[in-house]
Amino acid sequence: MSIVCRKGVIEDLPVLLEIEKRSSPRLLYLDGVKDEFFDNTTGELIVAEEDGVPIGFARFSLQYDGSGWLEILRVDPDHQKKGCGATIWKRFIELCGIYKVPFVRMYTGLTNYASRVLGERNGLKVSYQTREGTLMAGSNINGSYGNFRKVTSSDEAERVIAPHAGIYHGYFCQNRTFYGINRSVCEGLFKDVSIWTDDNGSCVITGARFLKDQGLHLGLMGGDLDACISLAKAVFSESGLPKLVCMIPSERDDYKAALEKAGFTFPDSQIIMLERAF
């Protein structure tokens, strides 16, 4: 019996939801992003089949600058460690060639060795280690816009983001999706999220890539951390959303302390991003 990959279609959704439920019951989001993920003009929803029966799936997504992003790889527990993941990864790498991506990236948990090994076998290397903090809606979300204003052009977005990019190792993250910070990405972010700055050069990015009804993301901040967090909390309070999420470099104890003082909580687990340049 051989495993083959094909493009997914929306009619696959019910069986893929069952695979997701069985393989990652604590991380379910395919149904919430189905319109985007089944749009094969922005990447490819890969379905792995054995004897015509779906046993796994994943998404290859194109980012603002043409880089590839690998996400939501799920394999039915009965078929794990039997070649399904490797077959999906083979298709991933084929798509990198088809789309001529400059980079391909993925994320996984620091202790998810199986996922990391699959990436490393295909030429990706750990490039960034992060912590994810969360602030839940409640009594501790009051903040202030202070002197912040929204940037008004993509050129300004690039100018205000650039001084703080090094803090984040040159990456931007929201919804656990990592982008390399460059002009094309800044242009895309300007269109899709809110970028804030003040007269002192502080910068805050708030928004979400998807599942926008489930949480707001504080994707980047730099400058006066207390003022940045206060701005993010003000936006969060007005949004009515259930949580505010922030990904920070693991080594930035100053960022972690400032966020914890503001009510964010950080689990012990950490997240790594793997990358391959082409």
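**Figure 1. Helices H5 and H6 cross in a right-handed manner.** A crossing is called right-handed if the near helix is turned clockwise from the far one by less than a right angle, and left-handed if anticlockwise. The model is predicted: local features need pLDDT of at least 70, side-chain atom pairs count only at pLDDT 80 or more, and totals for chains, interfaces and linings use all residues. Residues are numbered from 1 along each chain as its sequence is written, and side-chain values use heavy atoms, with hydrogens and water left out. Helices (H or I, at least four residues) and strands (E, at least two) are DSSP runs numbered from the N terminus. The axes of H5 (residues 154–161) and H6 (residues 183–192) come within 8 Å and cross at roughly 115 degrees; axes are lines fitted to C-alpha atoms, for helices over the stretch in contact, with angles from 0 to 180 degrees between N-to-C directions. On the H5 side, Ser-154, Asp-155, Ala-157, Glu-158 and Ile-161 meet Arg-183, Cys-186, Glu-187 and Phe-190 of H6 (contact: heavy atoms within 4.5 Å). Four of the residues in this contact are nonpolar, one is polar and four are charged. Ala, Val, Leu, Ile, Met, Phe, Trp, Tyr, Cys and Pro count as nonpolar, Asp, Glu, Lys and Arg as charged, and the others, Gly among them, as polar.

**Figure 2. The largest nonpolar core holds 49 residues.** Such a core is a set of buried Ala, Val, Leu, Ile, Met, Phe, Trp, Tyr and Cys residues joined through side-chain atoms within 4.5 Å; buried means under 20% relative accessible area, exposed over 50%, partly exposed in between (1.4 Å probe, protein chains only). Ile-195, Ile-205, Met-221, Leu-259 and Phe-264 touch the most other members. Helix H7 (residues 225–239) gives the largest share, seven residues. Beyond its neighbours within four places in sequence, Phe-264 contacts Gly-133, Thr-134, Leu-135, Ile-229, Leu-244, Cys-246 and Leu-259. Another core, of 21 residues, lies apart and includes Ile-3, Trp-89, Cys-96 and Leu-274.

Figure 3. Rings of Phe, Tyr and Trp (its six-membered ring) pair if their centres lie within 6.5 Å; planes under 30 degrees apart count as stacked, over 60 as edge-to-face and the rest as tilted. Tyr-29 and Phe-37 are edge-to-face, because their ring centres are 6.4 Å apart and their planes at 75 degrees. Tyr-29 is buried at 12% relative accessibility, as is Phe-37 at 0%. Tyr-128 and Phe-178 also form an edge-to-face pair, with centres 5.8 Å apart and planes at 85 degrees. This pair links distant parts of the chain, 50 residues apart: Tyr-128 in strand E6 (residues 125–136) and Phe-178 in strand E9 (residues 177–180). Both Tyr-128 and Phe-178 are buried. Ring pairs join Tyr-128 and Phe-178 with Trp-69 and Tyr-171 in a cluster.
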